[in-house]
Every structure is written in structure tokens, then in C-alpha cells.
Amino acid sequence: MASVETASAPRDGHRVASAAESGQRGGDIVCSGLYKWFGDSPVIASLDLYVARNQFVCVVGPSGCGKTTLLRMMAGLASIDSGTIAISGQRVTEPLASVAVVFQHYGLFPWKTVFHNVALPLRAAGVTKGEAARRANDALKLVGLNDIGNQYPAQLSGGMKQRVGLARALAIQPEVVLLDEPFAAVDAQTREILQEELLALWSRYQQTAVFVTHSIDEAITLADRVIVMGAKPGRILDDIEVPIGRPRSVASVRRHESYAPLREQIWEQLRGSSTAGGERG
Amino acid sequence: MAQRVEPKAVGAATPAGPQGDVAVISDTVLGAQIRDARRRRARRARRRFLAIRLISLVVVFGAWQIYGMHTIAILFAPISTVLHQGYLLFAHDQLGSQLGYSMWTFACGYAIGVAIGIVLGMLMGAYRWAEAAASMYVFALYATPMVALVPIISLWIGFDATAQIVIIALFVTWPMTVTVFHGVRQIDAELMEVSRSLRLNRRQMWVHVLLPGAVPFVITGATQGVAMGLVGVIIAELQTQLSGLGDALQTQSQTYHTAAALAVILLIMVLGVGLRAILGLVHHRAVPWLRIDRGDGAQR
Ligand SMILES: Nc1ncnc2c1ncn2[C@@H]1O[C@H](COP(=O)(O)OP(=O)(O)OP(=O)(O)O)[C@@H](O)[C@H]1O
Ligand SMILES: [Mg+2]
């Protein structure tokens with residue numbers, strides 16, 4: 001089992017920061033000619049996407065257009081019917097050690113304490129007990145949850161649960177983080193706080209992320225690049241750079257001059273896709 | 001923002017609070033008060049529960065007593081006579097050793113049944129091949145009254161304790177297997193996906209996901225198994241070689257010692273209730289994540 005250890009993950013947990021700061025951390029994602037069928041209709045058709053290392057990409061699109069499916073394929077959780085996905089040059093056929101997923105419904109094990117939830121993937125990757133404990137605690141500290149390690153998930157609020165989910169993803173020092181509507185299940189206020197925290201985290205430890213969301217605001221706030229997907233079949237309608245520098249805050253993004261036009265542009269795309277349906281392209 | 005923080009800070013700095021001011025209570029004091037109130041409420045709820053239970057016992061046993069005193073002794077007996085007969089059976093007959101014998105066969109059969117149920121149920125729940133191979137027989141046997149198998153078992157194994165243990169095990173195994181099977185199947189599909197994403201290997205999957213996830217169902221199955229196992233004990237003892245509590249029951253009722261027979265029945269009931277209570281305690285200890293304070297003062 002020890003051999004499963006992430007090849008590029010530094011052995012020493014303390015080097016997380018330095019590795020990230022020197023830009024060594026993120027991996028790139030190459031999706032080419034992706035197809036996915038459910039039944040006889042293609043859910044994703046001929047999709048190409050390149051995500052550069054350390055880029056934060058948000059994916060927006062109407063409900064049912066295949067965002068989750070795309071993310072699950074990247075995560076190695078759904079089979080790829082045609083085409084390929086490569087992460088850091090490694091072909092995805094099963095969940096990769098260098099990829100971490102943050103789930104919409106947290107995906108925490110109710111019978112494990114917060115600490116053990118975070119430490120589990122480390123232990124699974126063959127990290128020694130002491131080392132796993134240190135890294136788990138570091139990750140919990142990173143998301144501001146140092147003192148609830150021995151509580152059970154049922155004792156936490158939704159926002160705290162998702163912080164644990166985030167800590168678990170970051171603890172393995174992945175090259176790519178995939179997040180499927182991670183903040184969709186929490187209230188608007190908590191959501192904004194979590195966005196703020198994520199921005200702060202990313203300004204320190206920039207790394208590759210694909211973040212699926214329904215919220216255009218959230219996408220602009222977080223992303224370097226917004227991918228707009230259309231439905232039936234799922235494909236990329238638009239690929240928009242967000243010209244807002246970092247470090248950012250939720251408020252500074254809202255005040256930015258390009259915020260409103262960007263928002264308008266994405267809205268137009270989505271409206272077009274939902275009314276024109278399959279007639280586009 | 002600053003305004004909201006202020007009273008907290010003041011309260012923490014001066015726990016007593018200035019007398020004339022709006023009552024400022026420190027968080028810790030308030031917290032302790034709320035905790036105490038909640039505990040009091042929980043205690044009151046518990047007491048009420050026990051009181052109702054006690055009243056219910058008094059009413060039922062009172063009715064039994066009165067009715068028993070006004071019927072023919074061959075048909076029924078008041079609870080006082082039943083208890084006295086029970087005492088006599090223990091003191092001067094062999095009810096003690098009969099109880100010991102029954103408990104021993106029960107323990108063996110129950111343990112075998114629970115063990116097979118856990119292994120079979122978990123395998124069928126976790127692996128398609130196991131389900132494909134075994135589930136038809138399990139569900140067929142689950143739907144079959146095990147009493148129907150008793151004569152055949154006697155034919156194959158005989159009439160001794162071994163045969164009885166096998167019969168008891170059969171009573172426990174199938175409901176246990178079915179419950180555990182459904183339990184494993186009910187483990188959240190998302191959690192299974194999470195385990196794949198975390199790259200758990202097969203052993204880790206069992207240790208960290210399947211086994212802990214199935215614990216509540218194993219205990220539910222084991223609790224049902226107590227009732228099934230006790231049925232098995234009595235049936236086995238009546239249908240193979242007359243022995244144990246079954247012997248006591250049969251002997252007393254066939255000789256029209258109704259009060260004594262009722263005493264044996266009462267003993268079997270107490271056994272069932274007691275064993276369930278023990279499993280309730282095990283449940284409480286085994287699943288700490290399910291007894292979390294939900295803020296309603298209820299004890300779980
Ligand atoms: N297991 C499945 N079997 C059949 N169809 C499926 C399955 N999973 C997804 N689909 C279909 O694939 C399409 C895309 O689903 P997906 O969950 O990827 O959408 P989504 O963009 O994530 O939607 P939402 O924004 O509502 O989460 C939907 O039309 C859905 O009905
Ligand atoms: Mg989705």
C-alpha cells in the first residue's frame with residue numbers, strides 16, 4: 001500500500017507552503033474529445049478543455065448540462081466513453097492519487113470524527129500515523145477548525161462540514177482539486193464567508209482547481225477563467241478570462257469595473273443556451 | 001459588527017455584571033445555565049417515562065392478580081401464586097439447571113447464527129457475486145418457517161444438544177443475514193463514491209466504511225435475533241429431546257400446574273426483555289456518532 005503515495009507530494013508536511021509558493025504544486029488537465037452517454041443520448045459530446053497548472057476554473061451551466069458528469073470523469077469516478085483526460089500527463093482511468101474531490105454533500109463519514117475523516121486519505125495513501133496526524137491537523141488549521149477534531153460530523157453546521165471536506169482534500173496535497181457545488185448546501189451568508197476563505201487560501205496556496213457552481217457571482221468571484229457549458233449535449237459554449245487580479249475579496253470583485261459586464265456576458269450565454277436549447281452550434 | 005461583539009466582551013470581562021445595568025451574563029455562566037436546564041429537562045422526561053412504565057406495570061399485574069383470584073386454578077392463577085410457584089420451581093425443582101441448559105444452547109446457537117448472519121449478509125451486501133450465488137437460498141430460508149425443518153434436522157443430527165443448537169442457529173441466521181444485507185446496501189452511495197475517490201483499498205474499505213456503516217444494522221439484526229432465538233430454544237426443546245425450559249413448560253402444563261407453567265412463561269419473557277436491554281446498551285456504546293445531542297435535551 002505504501003507505494004500509492006503521491007509521487008510529487010513532499011514527504012515533509014511543512015513544505016506545503018513553500019512548494020505551493022514556488023509554483024511546484026498544481027498539475028494541468030487536458031480533456032480531449034470527451035464523450036459520455038447515458039442511455040442513447042449523449043450527455044457530453046466532443047468536449048475539449050485545457051486547464052493550465054495553478055489555474056482556478058469555474059464551470060457554470062444550466063441544470064443537467066453535464067457539469068457533475070464532467071467532474072466525475074476528471075475524478076476517475078465515472079467512465080469515459082470516448083476521448084481522454086490526462087492530469088499532469090497521467091491518463092485518468094481510475095481516481096488518481098494527485099486529485100482530490102470536494103463533494104456537494106460533504107461526503108464525510110458519520111462514524112468518524114472530524115480528525116479521522118481528514119486523516120483517512122492520508123492513512124490510505126500509506127502515510128505514517130504521526131505524519132498523517134500532523135498533516136491532518138495542519139489542514140484543519142488551514143480552514144480554521146483546529147479545535148473540533150474530535151467532534152462528529154453530525155455536530156457541525158453545514159459550513160463547518162464543508163470546511164472539513166476542504167481540509168480533507170487539501171491534506172493530501174493534491175495537484176488538482178475538483179469541487180462540485182461545494183457551497184450549494186449552505187446559506188447565503190455562510191457561502192460568502194466560505195468564498196472569502198477560499199480566496200484567501202488560494203492567494204496563499206495557488207493550485208489547479210475546477211469548481212462547478214450554479215452561481216455566476218460565485219464563478220466570477222473565484223475563477224481565473226469561467227467555462228460556460230450548454231446542454232443537450234453538454235458542451236462548452238464560452239470560455240471567459242476573468243481580468244481581476246489577486247489577492248481578491250468578495251467585495252473587491254463586486255466593485256471591479258469588469259464585474260458587471262462579465263456577469264452580463266455569462267448571463268446572455270446561459271439564457272441563450274436555455275432558450276435555444278439544442279439548436280445552437 | 002463591532003456592536004455585536006461588544007456585549008460579549010463586556011460580559012467576559014465582568015462576569016458578575018454591574019447591578020443597575022441591563023443584566024449582562026457571561027457566556028460561560030449562561031452556557032452552564034442552559035446546560036443545566038437541558039439536563040433537568042432530560043431528567044424530568046426520563047422520570048416521566050419511568051413513572052408511566054411503573055404505573056403500567058402496577059395496572060397490568062394488578063388486573064392479573066384480581067382476575068387470577070377469581071378464576072379456576074387450572075385455567076389461570078394470580079401473579080402472587082405464579083411468583084411463588086416460580087420460586088418453588090427454582091428452590092425444589094430443577095428450574096435453575098433447566099434455565100442454565102437453555103441459556104447455554106441459546107448462547108451457542110445465537111452466536112453461530114449471528115456470526116453466519118454477519119459474514120453472509122455483509123458479503124452479499126458488498127459483492128454482487130456473493131449476492132448472485134447466495135441470496136436466493138437466504139431469502140427462501142428466510143421465508144420458510146424454521147419449524148418445518150425441525151423434524152428433518154432431528155433425522156439428520158439426532159435429538160441431543162447439538163441438534164438443538166443447530167435449530168436455534170437456523171432461527172437466528174436468516175433474519176440476521178437479511179437485515180445485515182439490507183444494511184450494507186443502504187450505506188450511502190455517495191460515501192461509497194467518496195471511498196473510491198480517497199483510493200481506499202479493499203481492506204480499508206471494509207475497515208473504515210462497510211463495517212462501521214453496518215454496525216447499526218448488525219445490532220438491529222442481533223436484537224431481532226434474540227426473539228427468534230428464544231422461539232428456537234423452546235421449539236427445539238419441545239420437538240427434540242424434552243429438555244431445559246421447554247421441559248419445565250411441558251411438564252407443568254401437562255400436569256395442570258398452571259401457575260407453575262405461567263411462571264416458566266414469565267421467566268422466558270423476562271429473558272427476552274433482559275437480553276434486548278443488554279443489546280440496547282451495546283448499541284448505545286457501539287455507535288457513538290448516533291447519540292449526539294441535538295439540542296432538544298433528548299438522550300439518545
Ligand atoms: N447515472 C445516470 N444515469 C442516467 N442519466 C444520468 C446519470 N447521471 C446523470 N445523468 C444525466 O446526465 C445529464 C447531466 O447530469 P449532471 O449531473 O452531470 O448535470 P449537472 O450539470 O451536474 O446538473 P446540476 O447542475 O443540476 O447538478 C442529466 O441530464 C442527467 O439526467
Ligand atoms: Mg451537478
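Where in chain A does Pro247(A) lie? The legends below take this and other close-ups in turn, and the model they show is predicted.

**View 1. A cis peptide bond joins Arg246(A) and Pro247(A).** Pro247(A) sits in the loop between β10 and α8 of chain A. Helix α8 covers residues 250–255. The omega angle of the bond is about 0 degrees.

View 2. Pro233(A) belongs to the loop between β9 (225–230) and β10 (235–241) of chain A. Lys232(A) is placed in the loop between β9 and β10 too. Look also at the backbone of Lys232(A): phi is positive, about 50 degrees, although this residue is not a glycine.

**View 3. Helices α2 and α3 of chain B cross at roughly 90 degrees.** Helix α2(B) spans residues 27–69, and helix α3(B) spans residues 79–92. Their axes come within 7 Å. The two helices are therefore roughly perpendicular to each other. On the α2(B) side, the contact is made by Phe61(B), Trp64(B) and Gln65(B). On the α3(B) side, Ile79(B), Ser80(B) and Val82(B) take part. Sorted by class, the contact has 4 nonpolar and 2 polar residues, with no charged ones.

**View 4. Helix α9 of chain B has a kink of about 45 degrees.** The kink lies at Val215(B), shortly before the proline Pro216(B). Helix α9(B) runs over residues 202–239, which makes 38 residues. Its end C-alpha atoms are only 45 Å apart. A straight helix would reach 56 Å at 1.5 Å a residue.

**View 5. Asn201(B) makes a side-chain contact at the start of α9(B).** A side-chain oxygen of Asn201(B) comes to within 3.2 Å of a backbone atom. That atom is the nitrogen of Arg203(B).

Terms used. Residues numbered from 1 in each chain as written. Chains lettered and ligands numbered in written order. Predicted model: local features only at pLDDT ≥ 70, side-chain atom pairs only at ≥ 80, totals over all residues. Heavy atoms only, no water. Axes fitted to C-alpha atoms, helices over the stretch in contact; angles between N-to-C directions. Helix = DSSP H or I, 4+ residues; strand = E, 2+ residues; numbered from the N terminus. Parallel < 35°, antiparallel > 145°, perpendicular 65-115°, else oblique. Contact = heavy atoms within 4.5 Å. Nonpolar A, V, L, I, M, F, W, Y, C, P; charged D, E, K, R; others polar. Expected span 1.5 Å × (residues − 1). Bend = angle between axes of the 7 residues up to and from the residue. Polar contact = N/O pair within 3.5 Å; in protein donor to acceptor, adjacent residues only side chain to side chain.
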